[in-house]
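Work through the exercises below with the sequence and the 3D view open. Try each task before reading its solution.

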Amino acid sequence: MNKRVKTHFQYSWWAYFLIFVAVITLWVSVFVKLAEPKADERLNITIVGSVDGKNIAADLEKALESKTNKPLKEINVEIIAGDNVQIGEIIAMRCMGETDLIIFEEEYIVKPLSLNFKPVDESRIKEYFGSSDLYKEDDKTYGVLLYDGTSQSNFKTYYKGDKKFYAFITPVSENCAKLNGKGAEESDAAIQAIKYFTEAA
């Protein structure tokens, strides 16, 4: 019996080695997945236009630290050139993926908005942004004015031009205090990010 076992291991050791590697790989991947921030623990923002995005994520991290109801573990900011020939496809993917906010320089807004975004409750968005200009399409509210082209707001730190920018909450965001019907009321990081950009510098 001993000899048979030794012979078996002599010729089949590689199979046990592969099983061992597979178990370790699975174990590590489970722990990596568990360590990743959940959807309401990270804020993803896409900005379409000529913006200097180098310091935005770091600045937002400091600014939102004491303002969000739920602490964030990660903030990501992506800048896309407005004249990108694939802008329509990129926006469609962001609206189906994990992006919370898409901020458009006015001339680069991908229309019709109803292709990618859902209308938001006008009365509720006004609770957060008061008399700010809203972006509408077919009498439905989709976004809010983030920068008017002249004000000395925080957004001016990253943009030196004079064009308007509008912020739109994606249908999948779990960080917008349920303005799109997703997430929880206390998960308001996307709302607080818009407020940060509109506040006086």
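The model is predicted, so local features need pLDDT of at least 70 and side-chain atom pairs count only at pLDDT 80 or more, while totals for chains, interfaces and linings use all residues. Residues are numbered from 1 along each chain as its sequence is written, and side-chain values use heavy atoms, with hydrogens and water left out.

**Exercise 1.** Classify the ring pairs Y128 with F129 and Y135 with F168.

Solution. 
- Rule: rings of Phe, Tyr and Trp (its six-membered ring) pair if their centres lie within 6.5 Å; planes under 30 degrees apart are stacked, over 60 edge-to-face, and the rest tilted.
- Total: the whole structure holds 14 aromatic pairs.
- Y128 and F129: the ring centres are 6.4 Å apart and the planes stand at 50°, so this pair is tilted.
- Burial of these two: buried means under 20% relative accessible area, exposed over 50%, and partly exposed in between (1.4 Å probe, protein chains only). Y128, at 23%, is partly exposed, whereas F129, at 10%, is buried.
- Y135 and F168: with centres 5.4 Å apart and planes at 75°, the pair is edge-to-face.
- Location: Y135 belongs to strand β4 (residues 134-137) and F168 to strand β6 (residues 165-169), so the pair ties together parts 33 residues apart in sequence. Helices (H or I, at least four residues) and strands (E, at least two) are DSSP runs, numbered from the N terminus.
- Burial: both Y135 and F168 are buried.

**Exercise 2.** How do the axes of α2 and α5 cross, and which residues meet?

Solution. 
- Geometry: the axes come within 10 Å and cross at roughly 105°. Axes are lines fitted to C-alpha atoms, for helices over the stretch in contact, with angles from 0 to 180 degrees between N-to-C directions.
- Class: α2 and α5 are therefore roughly perpendicular, the class for 65 to 115 degrees (under 35 is roughly parallel, over 145 roughly antiparallel, the rest oblique).
- Residues: I56, D59, L60, A63 and L64 of α2 meet A189, Q192, A193, Y196 and F197 of α5. Contact means heavy atoms within 4.5 Å.
- Burial of α5: 8 of its 10 residues are buried, so α5 is largely enclosed by the rest of the structure.
- Packing: these buried residues pack against β1, α2, β3, α4, β5 and β6.

**Exercise 3.** Where does N175 lie, and is N175 buried or exposed?

Solution. 
- Place: N175 is in the loop between β6 and α5.
- Burial: at 1% relative accessibility, N175 is buried.
- Neighbours: among the residues that N175 touches are A39, D40, R42, D100 and D188.
- Distance: N175 and E185 are 10 residues apart in sequence and 8.6 Å apart in space, C-alpha to C-alpha.

Methods
Lists of a residue's contacts leave out its neighbours within four places in sequence.
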